[in-house]
Amino acid sequence: MGKPTGFIEYPREDMQKAPVTERVQHYNEFEKPQSEQRVKTQAARCMGCGIPFCNWGCPVSNLIPEFNDFVYKGQWKNAYGTLMSTNNFPEFTGRVCPAPCEPACTASLVEKPISIKQIELSIIEKAFAEGWVKPNQVPYRTGIKIAVIGSGPAGLSAAQQLNLVGHTVTVFEKNDRLGGLLRYGIPDFKLEKWVIDRRIALMEEEGITFKTNSNVGENISIDDLKAEFDYICLCCGAEKPRGLGNIKGADKKGIYFAMEFLSQQNKENHGDQLHPEVKISAKDKHVVVLGGGDTGSDCIGTAIRQGAKSVTQIQIHKPLPEERYETNPWPMWPKTFTTSSSQAEGCERLFSVVTSAVKGGDKVEALELQNIKWPEGEIKSGQRNYEISGEKYDIPCDLLLISLGFEHTIHEGLVDYLNLEKDNRGNVKVDNFHTSDPQIWAAGDMIEGANLIVTAINSGRQMASTLKKYIKAH
């Protein structure tokens with residue numbers, strides 16, 4: 001473990017953030033780990049629990065007390081080896097994971113939790129700086145050819161794990177650049193894209209083939225793919241966005257889904273030139289974001305950087321409490337009130353509000369809202385037993401961004417053509433990652449619904465492990 005009394009002696013120190021006035025002027029990452037010595041001090045706070053609940057809280061089951069102890073002792077290379085034994089891409093999760101391991105930390109019962117995410121990022125970036133991160137050498141090839149559809153976190157982790165045992169892996173990506181959600185769904189101020197390119201270059205050296213602009217089912221024949229490859233792994237994500245439904249005026253111009261908005265800015269950051277007629281800009285506009293999740297926060301941060309006149313975020317739920325509900329005990333993820341880094345940059349947050357109409361001519365000019373009243377106590381997922389007030393009021397809105405989550409994977413094209421069985425939520429139905437087609441496997445958000453990047457990495461790893469055993473048995 002770290003220092004036995006470390007969590008008592010040393011306070012928690014979070015990653016350093018650039019001041020708001022400075023960071024909103026650019027799209028670069030603004031959050032950096034502390035110095036190496038201060039990170040070692042943070043690792044010293046680890047209690048080395050007999051039952052490491054942080055490991056339970058982590059979707060990839062990182063060996064957190066072990067790598068904390070190595071960092072505390074200055075054994076960074078051992079910490080790197082320990083981290084990589086469970087997580088293919090700690091440089092991604094160390095930047096964008098919400099770190100469910102931290103509220104599950106035992107220290108959080110009496111103190112603030114260990115800054116695990118910061119330590120994780122420090123380990124992998126030191127490993128890159130020291131030259132410890134090298135392409136894995138594959139000693140032989142099995143002759144089995146596997147196609148992975150989608151280069152998001154699930155697809156990349158599956159591809160790497162399958163390649164490690166000698167299978168020949170080709171990754172197909174429909175977009176012009178690799179990374180899926182990592183590339184076009186997450187703003188650069190949270191994840192600069194050279195981080196993805198650095199990892200892809202290593203994977204190519206390991207022998208994995210990547211093909212961009214390859215939309216299987218459109219410009220790539222599914223039948224040809226099934227004939228060429230022994231197995232196909234679908235890691236296409238959950239990209240079907242949830243819309244406004246039957247709200248009056250929902251068809252007006254100036255209304256976009258969050259991913260349309262975010263992906264455009266990331267493309268511009270890459271140097272792509274967007275035609276003015278298709279460009280979505282928040283500059284000098286009253287921007288309203290519907291939805292209170294991470295994607296909504298990403299829209300807020302992007303709109304502010306684009307020069308929005310105002311940004312308002314609307315949530316149907318009432319504000320969460322400052323302390324946990326009794327029905328939400330440690331070490332579960334705390335359902336408590338938080339403020340994201342983007343929200344802290346300047347936006348008005350409206351809670352317990354529903355949108356009753358979109359107003360304007362051809363283009364949105366205002367939203368008609370109504371306040372609602374929730375019952376006392378915790379609100380369960382999907383609960384809708386609120387009372388709507390009769391009073392209606394308008395707020396200005398020149399740009400409406402919809403961030404209400406995702407329904408399921410896209411059915412049109414690949415999934416429908418393969419006639420894959422779906423579950424009652426519209427996700428691809430699997431039995432231990434095996435779809436209803438004997439040649440097709442699936443992982444990530446397209447079987448689980450939209451979730452965390454770290455969860456997708458774990459799903460890709462688990463599918464690869466299951467498929468490896470299947471191939472060996474057959």
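Trainee: Is the crossing of α3 past α5 left-handed or right-handed?

Mentor: Helices here are DSSP runs (H or I, at least four residues), as are strands (E, at least two), numbered from the N terminus. A crossing is left-handed if the near helix is turned anticlockwise from the far one by less than a right angle, and right-handed if clockwise. Where α3 passes α5, the crossing is left-handed.

Trainee: What kind of model is this, and which pLDDT do local features need?

Mentor: Numbering starts from 1 along each chain as its sequence is written, and side-chain values use heavy atoms, with hydrogens and water left out. The model is predicted: totals for chains, interfaces and linings use all residues, side-chain atom pairs count only at pLDDT 80 or more, and local features need pLDDT of at least 70.

Trainee: How does α3 lie relative to α5?

Mentor: Axes are lines fitted to C-alpha atoms, for helices over the stretch in contact, and angles run from 0 to 180 degrees between N-to-C directions. Under 35 degrees counts as roughly parallel, over 145 as roughly antiparallel, 65 to 115 as roughly perpendicular, and the rest as oblique. Helix α3 (residues 36-44) and helix α5 (residues 64-72) pack at about 135 degrees, with axes 8 Å apart. Therefore α3 is, to α5, oblique.

Trainee: Which residues of α5 does α3 meet?

Mentor: Contact means heavy atoms within 4.5 Å. From α3 come V39, K40, A43 and A44; on the α5 side they meet N68, V71 and Y72.

Trainee: By class, how many residues of that contact are charged?

Mentor: Ala, Val, Leu, Ile, Met, Phe, Trp, Tyr, Cys and Pro count as nonpolar; Asp, Glu, Lys and Arg as charged; the others, Gly among them, as polar. The contact of α3 with α5 has five nonpolar residues and one polar. The charged count is one.

Trainee: Which residues of α8 meet α3?

Mentor: The axes of α3 and helix α8 (residues 116-130) come within 10 Å and cross at roughly 135 degrees. That makes α3 oblique to α8, and the crossing is left-handed. E36, V39, Q42 and A43 represent α3. Their partners in α8 are Q118, I119, S122 and K126.

Trainee: What is the crossing angle of α9 and α17?

Mentor: α9 passes α17 in a right-handed crossing. Helix α9 is residues 153-164 and helix α17 is residues 453-473. Their axes come within 7 Å and cross at roughly 35 degrees.

Trainee: Which α9 residues make that contact?

Mentor: By class, the contact of α9 with α17 divides into ten nonpolar, three polar and two charged residues. The α17 side includes I453, G460 and K468. The α9 side is P153, A154, S157, A158, Q161 and L162.

Trainee: Now the spaces. How much volume has the second largest pocket?

Mentor: On a 1 Å grid over the protein atoms alone, a cavity is a set of points where a 1.4 Å probe fits but cannot get out; a pocket is an open set with protein on both sides within 12 Å along at least five of seven lines; lining residues have an atom within 4 Å of a point. Grid points are joined across faces, edges and corners, and a volume is the space filled by probe spheres set on the points. For the second largest pocket, that is about 170 Å³.

Trainee: Which helix gives the most to its lining?

Mentor: The second largest pocket is lined by 15 residues, with M84, N136, Q160, R199 and E206 nearest its centre. α6 (76-84), α9 and α11 (194-205) each supply at least two. The helix that gives the most, with three residues, is α9.

Trainee: How many charged residues line the second largest cavity?

Mentor: That cavity has a volume of about 70 Å³. It is lined by 14 residues, of which C46, C49, C54, C105 and T106 lie nearest its centre. By class, eleven are nonpolar and three are polar.

Trainee: Last one. Which residue does a cis peptide bond join to W330?

Mentor: Most peptide bonds are trans. Here omega is about 10 degrees.
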